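Q: Hi! Could you walk me through this structure while I have it open? I'd like to talk about whatever stands out.

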Amino acid sequence: MDEPDKNDGNFRSLLRYRAKSGDVILKEHLETTSSRELYTSPIIQNEIITIFGELIQSHLVNEISKVKFFTVLADETTDITQVEQFSLCIRYFDETLMQIREDFLTFVPVDDVTGLGLANTLQNTLEKLGFDLNKLRGQGYDGAAAMRGSFRGVQAIIKEKYPKALYTHCVSHSLNLCLSDAAKIQDIRNNFGVISDCCSFFNCSAKRTTILKNKILEIKPNVQATKLKSLCETRWVLRHESVFAF
């Protein structure tokens with residue numbers, strides 16, 4: 001029950017907080033139970049998170065199954081472990097709350113990132129979760145060729161099987177592209193050009209990156225950012241992070 005020398009995680013800290021705040025049963029369990037039966041190990045924590053996730057997912061599927069129509073929203077990206085993840089969300093009208101909802105369902109690791117591979121992953125995942133794809137009325141993806149391609153893209157393959165599932169280019173992604181194209185003022189273009197060139201100059205060399213990091217720490221010892229962030233070409237909302245870092 002003593003405070004650890006180092007932070008041992010939110011889960012154990014919350015248990016300790018509750019035990020010290022009057023939860024007698026929990027406190028007695030933590031103090032008298034053997035170490036193998038405390039249920040505080042990382043394995044147990046992951047099992048609890050997985051169970052909660054499955055319960056939430058099951059509840060969402062049951063609620064969405066009651067509606068007449070729904071739209072699928074999907075995107076694929078590489079996570080920090082370099083695994084390609086396909087994220088799936090469902091957009092639908094909740095008649096109980098009388099509002100449109102967008103709920104996240106799951107991440108799906110994928111190996112085949114072609115239009116056909118992603119379309120099969122999308123269809124198989126929705127069917128596995130228990131959705132009736134005959135109710136599918138919309139598809140929302142970004143503008144990547146694998147997603148929006150007219151012949152081999154995900155939207156074309158899905159629409160061939162379910163003709164009423166109309167494709168819409170993600171509005172947020174479209175806004176990003178519009179902002180990127182709209183910033184044609186010479187000073188802004190020159191500014192981004194300088195930042196981009198500096199990022200490329202340092203990031204392409206480990207030696208230069210080390211020199212930059214050491215110089216930054218020499219000037220500002222307490223600063224957290226010690227390297228430049230490359231400008232994101234398709235995410236305008238992320239560019240301010242690159243500018244601030246620069």
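A: Happy to. The lining of the second largest pocket has 11 nonpolar residues, no polar ones and 3 charged ones. Keep in mind that this is a predicted model.

Q: Good to know. How many residues line that second largest pocket, and which lie nearest its centre?

A: The lining has 14 residues, and Leu212, Ile216, Leu228, Ala245 and Phe246 are the ones nearest the centre. Two or more lining residues come from each of helix 8 (186–203), helix 9 (206–219) and helix 10 (239–245).

Q: Which element gives the most to that lining?

A: Helix 9 does, with 4 residues.

Q: And what volume does the second largest pocket have?

A: About 270 Å³.

Q: OK, now the largest pocket. How much space lies in it?

A: About 430 Å³. Its lining is made of 22 residues, and those nearest the centre are Leu73, Gly140, Tyr141, Cys170 and Val171.

Q: Changing topic: what's up with the phi of tyrosine 39?

A: Tyrosine 39 is not a glycine, yet its phi is positive, about 60°. Most residues other than glycine have a negative phi.

Q: Where is tyrosine 39 found?

A: In the loop between helix 2 (24–32) and helix 3 (42–64).

Q: Is tyrosine 39 buried or exposed?

A: Tyrosine 39 has a relative accessible area of 53%, so it is exposed, the cut-off being over 50%.

Q: And what about the phi of methionine 98?

A: Methionine 98 has a positive phi too, of about 55°, and is not a glycine. This residue sits in the loop between strand 2 and strand 3 (99–109). Methionine 98 is exposed as well, at a relative accessible area of 57%.

Q: Let's look at the surface. Which residues form the nonpolar patch with about 430 Å² of accessible area?

A: Ile51, Phe52, Leu55 and Ile56 form that patch, and the area is for the four together. Take leucine 55, which is in helix 3. Its relative accessible area is 56%, so leucine 55 counts as exposed.

Q: How far apart are serine 58 and leucine 228 in sequence and in space?

A: They are 170 residues apart in sequence and 42 Å apart in space, C-alpha to C-alpha. Leucine 228 is one of the residues nearest the centre of the second largest pocket.

Q: On to charges. How many salt bridges does the structure hold?

A: There are 6 of them. In general, side chains of opposite charge can pair when their charged atoms come close.

Q: Which residue does aspartate 103 form a salt bridge with?

A: Arginine 101, with the closest N and O atoms 3.0 Å apart.

Q: Is aspartate 103 buried or exposed?

A: Aspartate 103 is at 9% relative accessibility, so it counts as buried, which is anything under 20%. Arginine 101, at 25%, counts as partly exposed.

Q: What about glutamate 218, which residue does its side chain meet in a salt bridge?

A: Lysine 215, at 3.5 Å from N to O. Both residues lie in helix 9, 3 residues apart, about one turn of the helix. Glutamate 218 is exposed at 57% relative accessibility, while lysine 215 is partly exposed at 42%.

Q: And lysine 229, which glutamate does it pair with?

A: Lysine 229 forms a salt bridge with glutamate 241, and the closest N and O atoms are 3.8 Å apart.

Q: Which parts does that pair tie together?

A: Lysine 229 is in the loop between helix 9 and helix 10, and glutamate 241 is in helix 10, so the pair ties together parts 12 residues apart in sequence. Lysine 229 is partly exposed, with a relative accessible area of 42%. Glutamate 241 is partly exposed too, at 35%.

Note on methods: Residues numbered from 1 in each chain as written. Predicted model: local features only at pLDDT ≥ 70, side-chain atom pairs only at ≥ 80, totals over all residues. Heavy atoms only, no water. 1 Å grid on protein atoms, 1.4 Å probe; cavity = no way out; pocket = protein on both sides within 12 Å on 5 of 7 lines; lining within 4 Å. Points joined across faces, edges and corners; volume = space filled by probe spheres on them. Nonpolar A, V, L, I, M, F, W, Y, C, P; charged D, E, K, R; others polar. Buried < 20%, exposed > 50% of the residue type's maximum accessible area, 1.4 Å probe, protein only. Patch = residues over 30% accessible without salt bridge, like charges linked within 9 Å, V, L, I, M, F, W, Y side chains within 5 Å. Areas by Shrake-Rupley, 256 points an atom, 1.4 Å probe, with all protein chains shown as cover.
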